[in-house]
Structure formats: C-alpha cells, structure tokens
Amino acid sequence: LHCTRSRLIKRSKMESTTTTSNSDTNQHPFLSQMEDLGIEKSMAAAACEATSFSSVDAAMAFLFDHQNDETGGGSDHQHQYKLTVVVRQDLGMSPGKVAAQTCHAVLAAYRAAAPESIRSWESQGEPVIILQVSDLTQLNRVVDAAVAKGLAANTICDAGRTQVAVGSATCCAVGPGPVETIDLVTGSLRLLK
C-alpha cells in the first residue's frame, strides 16, 4: 500500500463514529485477517474503525480508496479502481492451485480490460483482492451480477491436469473497474482464507 500511517490514522479519527474501545479494537478478528494479508496492524485498525467494523472488504476498500490522500481530505471515489478474484471453496484446491488459478484470472482480466481501465488500475498500484464463494452457483451469481453492472468478468476453467476435473470453473476475476461498482457485486463476500 502506498498510504502513510499518519495520514490514514488522521483520516480515520476524523471519520470514525464507532464506539469500540481501544482494547476491543486490538482484539477484533478483522485485524488478524488483515494482518494475514500483510497490512500493518495500526493501518488495519484505523481502516476498521473508519468503516465501523462492517467487514474486512470494506476496511480494505477504505485503505485502497485513501492510499493517495495527501491531506486526509476526501478522495475522488469515482477514479479509484480495483480487481477482485472470487475463488470457489468446494473444489478443495491446495493453496498452490488456488494461487495458480488466481494468477490465470488476473492475467485474463488484464488482457480483456479496456486500456483506460488498465491505466487507472495500474496508476493506483494494481490493487487485487481475493475473495471466496462456496460453490459454482455462487460463482455464477457473481459473474451474472458483474455483467449486469457493466463490469468485465473472466471465469477460469481448469485444464484438469492436476487437482480438479477438466473444465471446472475454479474462479473468476471481476474488473479492473471502479471500486464502488465492484463493491456492489463483491462487497459482501469474505476474503479468501
């Protein structure tokens, strides 16, 4: 992430309306999930507080939305871009297989995206968030919702050489696209564990 801790904390203190105490904040399960993703604890706590501990995805979106804030003032939300990859959990893929499939999804999204979307996404550090769904039905719902919102959705179907059957839809990439539009599609999903 490209935001500085002092700017993020300053912003979150101004916006925070949560009544969570400091000791409760330090014990919240969202913090450990964000730390597992490599987010510094103080930044994770500030983002969680700023989003009233609504979800890890909301806190991550806050971090990405405010990564370029210089003064703690408002960001131009319309110009923030991200890419999400949604992974099926029912296939029992190993961590390495999941990593390979998400890489395929990111590459497919990159190759299919409009040049202006790519430029915006690249200029913001190419934020990618990996999420989970339970099965193919949920994955298809995500794809349908993305297409209905005018977003690119690239489903990855496995070649069947290792862990899953030939043609199995393993994951999909949504975006890159505007954060607020992608959040309408994937904002309620949980981060991949």
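Reply: The dialogue below considers a pocket and then a pair of rings. Please note that this is a predicted model.

Me: What volume does the largest pocket have?

Reply: The volume of the largest pocket is about 240 Å³.

Me: Which residues lie nearest the centre of the largest pocket?

Reply: They are Leu37, Ile39, Met60, Phe64 and Val128, and the lining comprises 13 residues. Two elements, helix 5 (56-65) and strand 2 (128-133), each give two or more residues to this lining. Strand 2 supplies the largest share, 3 residues.

Me: How do the lining residues of the largest pocket divide into nonpolar, polar and charged?

Reply: There are 11 nonpolar residues in the lining, with 1 polar and 1 charged.

Me: Why is the pair of Tyr110 and Trp121 called tilted?

Reply: Planes under 30 degrees apart count as stacked, those over 60 as edge-to-face, and the rest as tilted. The planes of Tyr110 and Trp121 stand at 50 degrees, so this pair is tilted, with ring centres 6.4 Å apart. The count for the model is 1 aromatic pair.

Me: Which parts of the chain does the pair link?

Reply: The pair links distant parts of the chain, with Tyr110 in helix 6 (residues 95-112) and Trp121 in helix 7 (residues 115-123), 11 residues apart.

Me: Is Trp121 buried or exposed?

Reply: Buried means under 20% relative accessible area. Trp121 has 3%, so Trp121 is buried.

Note on methods:
Residues numbered from 1 in each chain as written. Predicted model: local features only at pLDDT ≥ 70, side-chain atom pairs only at ≥ 80, totals over all residues. Heavy atoms only, no water. 1 Å grid on protein atoms, 1.4 Å probe; cavity = no way out; pocket = protein on both sides within 12 Å on 5 of 7 lines; lining within 4 Å. Points joined across faces, edges and corners; volume = space filled by probe spheres on them. Helix = DSSP H or I, 4+ residues; strand = E, 2+ residues; numbered from the N terminus. Nonpolar A, V, L, I, M, F, W, Y, C, P; charged D, E, K, R; others polar. Phe/Tyr/Trp six-rings, centres within 6.5 Å; stacked < 30°, edge-to-face > 60°. Buried < 20%, exposed > 50% of the residue type's maximum accessible area, 1.4 Å probe, protein only.
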